[in-house]
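Here are my notes on this model, as numbered points. Please read them with the structure open.

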Amino acid sequence: MKSKDNKFNILEKALEEYLYLLEAQMQAFPIVKKSMESLINANLNKVIKYVKQNNIPTDREKGVQLTEEHVKPFMSLTHNFTHSISAEKLYYRNIIVTFISIYDYFLSDIIRAIYKIQPDFINSCGNKEISVARLLKACSINELKNDIITDEVDNILRGNHDSQIKWFETKLKLPLKENISKYDDFIEITERRNLFVHSNGKISSQYIKNCDEKYLISEKGNLRIGDKLESDENYIRKAYHLLVEIGVVITQLIWRSIGGKEELENADKSLVQIIFNLLKEKQYYLAKTLSSFATNPKHRSCNNEYTIIKRINKALAFYLNGEKEESNKIIKSYDWSGLDKKYQLAILVLKENKEEVIELMKSIGKNDDNKEMYREWPIFRPLRNDKEFIETFESIYNEPLEIYEVTPITWNEYKDYIKDPQKFFKENMIETP
């Protein structure tokens, strides 16, 4: 939902593009990962096949016993094998580098948005001295202002990522660090990116200096300058989760701070929609994290309905993630009296009281808004394959439930496409590009 005030659309647009690019990377990751693994396995199998076909003796301690005639072919095969391993390592590194590049670009957009929304902020830019030559070269005051903002953005982005967060905290009096669940992890990821780009992953004194020392000792053990760090699947997922969280938190805190009461509803709409999308996409870890941020009493809602939605979605995120005990704790911690019937339905679903859910559905009856709610809201996901739920829906609306959930392409689907694109498109009734 777009903000009515065009000034604040640029904040929302910057966040939407940022989240889109991060998710694009993550959707491609499993497919490329499988491709890399297949390449490694194929090259390894060629080595094993060559050894077996030529009856080359092997020993656990001495390794492969090669005669002169087998040295060159064997070395060529092992060269391909080690190359494919290096390619995988580089790909894992490059995802982190790309993530931080996306984040830096997002931060640049957000800073520009702040100056556009609050033009008076330009008066506090660090570099206020402007040369006569620059004044004469400028075609207009607006062009000069844009140049000053560009200089300010460049100055901020030249600092490390911790100093960038401090700029927001000082400039806008925003408590960013306390609202980011794993801030030390975030800083470590940005610093590891620098190692990948500048020192082939080898730890530098700058890395140790910029990361919190206590954090490094507790999380990473006894690291030394020159030790090499890498990336893996778990590290990539952690980075993705943190970067999504920090992007949403930064945008929300700025929006609520600068926009005040007038923009509170638009900020709430955006936050609720993001959490809703995460629940639909089964990204429950992020849904839990952002729901915890959304339900923090320090971040008030524009009205009681949004407060209820945020609380329900928080309980739902834990419930769908299999943490039913925690979900029940959340439900018990709030007063749900006087709820609209659709929210009463939601609580009954979370309590797994199917009989009362069915009775309340019948009591509510035909309502076009609720029809799409039954189909779209992830809270009804546990019931959508239930025969009684389906029959009740169809008896109320006189039409089939027909749920269609889009899921990312799987490795097997991708292999089918690579094998025979024409057949894949034909079988899936898609027009061949």
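1. A salt bridge here is a side-chain nitrogen of Lys or Arg within 4 Å of a carboxyl oxygen of Asp or Glu. The model is predicted. E399 sits in the loop between α18 (387-397) and α19 (411-419), and K371 sits in helix α17, 28 residues apart. K371 is buried because its relative accessible area is 15%, under the 20% limit. E399 has 26% and is partly exposed.

2. The count of salt bridges is 21. One of them pairs E230 with R93 at 3.1 Å, N to O. This pair links distant parts of the chain, 137 residues apart: the loop between α9 (213-220) and α10 (233-259) holds E230, and helix α2 (residues 68-117) holds R93. R93 is buried at 7% relative accessibility, while E230 is partly exposed at 26%.

3. R192 and E188 form a salt bridge at 2.9 Å, N to O. Both lie in helix α7 (residues 183-198), four residues apart, about one turn of the helix. R192 is buried at 6% relative accessible area. E188 is buried at 0%.

4. The second largest pocket has a volume of about 630 Å³. Of its 19 lining residues, V272, F276, I309, K342 and Y343 are the closest to its centre. Helix α17 gives the most to the lining, with five residues. The lining divides into eight nonpolar, five polar and six charged residues.

5. Overall, the chain has 20 helices and two strands. Of its 433 residues, 44% count as buried. The accessible surface comes to about 24,600 Å², with 49% belonging to carbon and sulfur atoms.

Note on methods
Residues numbered from 1 in each chain as written. Predicted model: local features only at pLDDT ≥ 70, side-chain atom pairs only at ≥ 80, totals over all residues. Heavy atoms only, no water. 1 Å grid on protein atoms, 1.4 Å probe; cavity = no way out; pocket = protein on both sides within 12 Å on 5 of 7 lines; lining within 4 Å. Points joined across faces, edges and corners; volume = space filled by probe spheres on them. Nonpolar A, V, L, I, M, F, W, Y, C, P; charged D, E, K, R; others polar. Buried < 20%, exposed > 50% of the residue type's maximum accessible area, 1.4 Å probe, protein only. Areas by Shrake-Rupley, 256 points an atom, 1.4 Å probe, with all protein chains shown as cover.
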